Amino acid sequence: MFIAAAAFLWGVSAALGRAVFTGKLPLSRAALRPIDPLILSQTRTSFSLLVLLPILVATHGWQRIRLPVRDLAYCFLLGTLGVAVSNYFYYVAIQRTNVATAIIVQYTAPVWVLLYVVARGQQKLAPQKVAAVALAVAGIALVIDLLGSRSSSAVRLDAYGLIAALLASFSFAFYNVAGHRILARYDRWRVLVWTLSAAAIFWLIVNPPWKIASAHYAPAQWLFLFVFSMISVLGAFSLYFLGLQHLEPTRAIIVSCLEPVFSILLAAFLLGEALRPIQTLGIVFVLAAIVIVQRPGPISAEESLVVDPIE
């Protein structure tokens with residue numbers, strides 16, 4: 001139940017992002033420029049860090065978040081190449097295509113993780129895993145209309161958005177593989193606070209404060225960005241971690257796959273992003289592939305390489 005609620009909040013976040021990008025959620029007539037994916041990605045990590053860090057320090061002290069220098073550097077790599085990059089390209093994909101395309105392509109990350117561990121010899125490619133890869137590839141082809149079932153396919157409409165979605169899925173896959181190693185040694189909140197720190201510092205370098213100030217965002221936009229951060233990061237993660245106390249990791253990940261379902265349904269209901277039957281079939285294929293990949297195989301649930309999404 002808690003993990004399903006977290007998946008719902010991530011779905012709400014995807015719909016809110018799309019609504020802001022498309023102007024369907026006008027925040028202020030006084031705003032000089034709309035919110036773009038970069039500022040959305042930057043503020044969600046920065047605001048979340050500013051709230052989470054004092055809470056952890058106040059309740060548990062600095063011992064709660066201390067890490068050895070080597071693991072600290074590892075978290076910074078995870079936060080930049082994993083969290084920051086995947087977030088940015090995910091929201092670019094939402095802006096340039098639609099919620100369904102962005103989230104379904106990104107959620108093929110477990111398939112890329114599977115191919116990685118097979119290439120490394122850490123798993124054998126069992127028949128059910130082969131079926132999962134085939135389903136995922138076929139599903140993506142149907143969702144983005146790769147077969148060109150109508151005159152203006154998604155590929156021709158915005159190739160950059162599709163590339164962004166694919167880059168987000170690769171970054172998410174990296175986050176899964178790299179995150180597994182450090183989460184085996186430290187609690188999730190400690191890893192989360194340092195990965196958020198890394199992402200926040202990275203964005204300060206890419207988009208320093210004076211550039212943000214020059215954009216002259218309106219107070220209503222800043223309020224939205226803060227609320228968005230609380231919903232998509234702290235609220236969703238609190239529920240997800242609470243759910244992990246009652247479910248084994250593999251089952252928790254499968255339940256979290258409700259996120260694409262919620263995201264697509266909310267986008268259709270609130271934003272009018274209708275799906276054609278062939279795209280719906282593609283979404284079903286990808287979701288089936290994700291569930292198959294996450295089913296317990298030769299390795300135990302504790303050895304699963306899939307960790308929590310940061311949408």
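Q: Where is Tyr 186 placed?
A: Tyr 186 sits in the loop between helix H8 (159-183) and H9. Helices here are DSSP runs of H or I with at least four residues, numbered from the N terminus. The model is predicted: local features need pLDDT of at least 70, side-chain atom pairs count only at pLDDT 80 or more, and totals for chains, interfaces and linings use all residues. Residues are numbered from 1 along each chain as its sequence is written, and side-chain values use heavy atoms, with hydrogens and water left out.

Q: Why is Tyr 186 called buried?
A: Its relative accessibility is 16%. Buried means under 20% relative accessible area, exposed over 50%, and partly exposed in between (1.4 Å probe, protein chains only). Tyr 186 therefore counts as buried.

Q: What makes the pairing of the Tyr 186 and Asp 71 side chains a polar contact?
A: The two side chains are joined at 2.5 Å. A polar contact is a pair of N or O atoms within 3.5 Å; within protein, one must be able to donate a hydrogen and the other to accept it, and residues adjacent in sequence count only if both atoms are side-chain atoms. Asp 71 is also among the residues that Tyr 186 touches (heavy atoms within 4.5 Å), leaving out those up to four places away in sequence.

Q: Why is H3 described as roughly perpendicular to H9?
A: H3 and helix H9 (residues 188-206) pack at an angle of about 65°, with their axes 7 Å apart. Angles of 65 to 115 degrees count as roughly perpendicular, under 35 as roughly parallel, over 145 as roughly antiparallel and the rest as oblique, so H3 is roughly perpendicular to H9. The axes are lines fitted to C-alpha atoms, for helices over the stretch in contact, and angles run from 0 to 180 degrees between N-to-C directions.

Q: Why is Tyr 91 called buried?
A: Tyr 91 lies in helix H3 (residues 69-96). Its relative accessible area is 0%, so Tyr 91 is buried. Its side chain makes a polar contact with the side chain of Arg 44 at 3.5 Å.

Q: How do you know that Asn 207 is buried?
A: Asn 207 is found in the loop between H9 and helix H10 (209-214). Its relative accessible area is 12%, so Asn 207 is buried. The side chain of Asn 207 also makes a polar contact with that of Gln 42, at 2.9 Å.

Notes
Helices (H or I, at least four residues) and strands (E, at least two) are DSSP runs, numbered from the N terminus.
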